[in-house]
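Let's take a walk through this protein together.

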Amino acid sequence: MAAIDCGTNSIRLLVADLPDPSAGPEAELVDVVRRMEIVRLGQDLDRTGRIAPEALERTCRALLGYAESIESLGVSDVRMCATSASRDAANADEFRAMVVDAIGVEPEVVTGDEEARLSFTGAVRGLGPDVPAPYLVVDIGGGSTEFVAGGRPVGGGAATVDAAISVDIGCVRMTERHLPGDPPTPAQLAAAEADITAAVDRALSAVPGREAATLIGLAGSVTTVAGIALGLPEYRPDRIHHARIPYADVARVTDELLVRSSAERLTIPVMHPGRADVIVAGALVLRIVMERAGMDSVIASERDILDGIAYSLTR
């Protein structure tokens, strides 16, 4: 089966085999292919309210490549979910028609609540018994950030979502709104921090994140910060997945990133070229979440909404 997650900054493909039913409800998928392209679908969306033509073209090229993989691997079921950018755009119908032409599947423009549930399902499944619940899962995307609180029923079984909220503080949106400088100025950083703090406090009033035993961070901003904190010589998903990063390291990495230019950030071994200009905003969101929720560490996860979409095909 295949899952496609189309967000504000990136579009990703997972082709996987379903786990053996005898392995139990917590068995993870068996990966066949994982691919990611930075397409910046949300380019200028916060300002114009529309998906830019060049962003649609980049996304279409990526989808055509994914369609070739899906066909060559004999996929039986495909689900594509589109999140913040395509939810907010005035020309969402144009985006939908392009997707159908490219891969022959109607994209599901999921609500913020559904996005949060899928992210939580992907992140929590496969956690070991040494990771205590309840969990606060924070998915820092390009256009929005999802906060989800929940855990597992007593005796094991599937993860349960207790509360969820989506707020518009994604790394692309915050960069375009507040951080045009390269590197950003102190005044720009102060404006971004104020906006992010207000949104995080609003989210933590709706979701009991401060009561969680474990913070789990998802998406490229978190995994990039984790890779830098670990001092990796290259991006290593196997080292990053389920790594526990102390708050002090998150704060240190954030401080290092915000004084560098995009060109200087590109020299960091784990940095994806499409993330260098928005990583400051993503790192700020993560740092402020940890501060406002009172978390002394975060577990970085390579499993997220993409895996949640795939798991939904098992039902």
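We start with what it means to be covered up: a residue is called buried when its relative accessible area is under 20%, exposed when that area is over 50%, and partly exposed in between (1.4 Å probe, protein chains only). By that rule Arg177, at 37% relative accessibility, counts as partly exposed. Before we go on, note that this is a predicted model, where local features need pLDDT of at least 70, side-chain atom pairs count only at pLDDT 80 or more, and totals for chains, interfaces and linings use all residues. Residues are numbered from 1 along each chain as its sequence is written, and side-chain values use heavy atoms, with hydrogens and water left out.

## Charged pairs

Side chains of opposite charge can pair when their charged atoms come close. Here, a salt bridge is a side-chain nitrogen of Lys or Arg within 4 Å of a carboxyl oxygen of Asp or Glu. How many salt bridges does a search of the whole structure find? The search turns up 23.

| Asp307 | Arg34 | 2.5 Å |

Take the salt bridge between Asp307 and Arg34. This pair links distant parts of the chain, since Asp307 sits in helix 13 (residues 305–312) and Arg34 in strand 3 (residues 30–38), 273 residues apart. Asp307 is buried, at 1% relative accessibility, whereas Arg34 is partly exposed at 32%. The two also belong to a network of salt bridges that links Asp31, Arg34, Arg303 and Asp307.

Asp46 is partly exposed, with a relative accessible area of 32%.

Arg287 is buried at 12% relative accessibility, while Glu291 is partly exposed at 37%.

## Helix 7 and its surroundings

Helix 7 (residues 186–206) has 21 residues and reaches 30 Å from its first C-alpha to its last, close to the 30 Å expected at 1.5 Å a residue. That expected span is 1.5 Å times one less than the number of residues.

Which residues of helix 7 are buried? They are Gln188, Leu189, Ala192, Ile196, Ala199, Val200, Ala203 and Leu204. These residues cover an arc of only 135 degrees around the axis, which puts them on the same side of helix 7. The arc is that of the directions from the helix axis to the C-beta atoms. An α-helix has 3.6 residues a turn, so residues three or four places apart point the same way. The face turned away from the buried side of helix 7 carries the exposed residues Pro186, Ala187 and Ser205.

What does the buried side touch? Counting contact as heavy atoms within 4.5 Å, the buried residues of helix 7 pack against strand 6 (135–140), strand 7 (145–151), strand 8 (160–167), helix 6, helix 10 (247–258) and helix 12. Helix 6 is itself mostly covered, with six of its eight residues buried: Cys171, Val172, Arg173, Met174, Thr175 and His178.

Ser10 lies in strand 2 and is buried, at 14% relative accessibility. Leaving out residues up to four places away in sequence, Ser10 touches Asp5, Met36, Glu37, Ile38 and Val39.

Glu108 lies in strand 5 (residues 108–109) and is partly exposed at 33% relative accessibility. With residues up to four places away in sequence again left out, Glu108 touches Arg79, Met80, Cys81 and Ala82.

Note on methods: Helix = DSSP H or I, 4+ residues; strand = E, 2+ residues; numbered from the N terminus.
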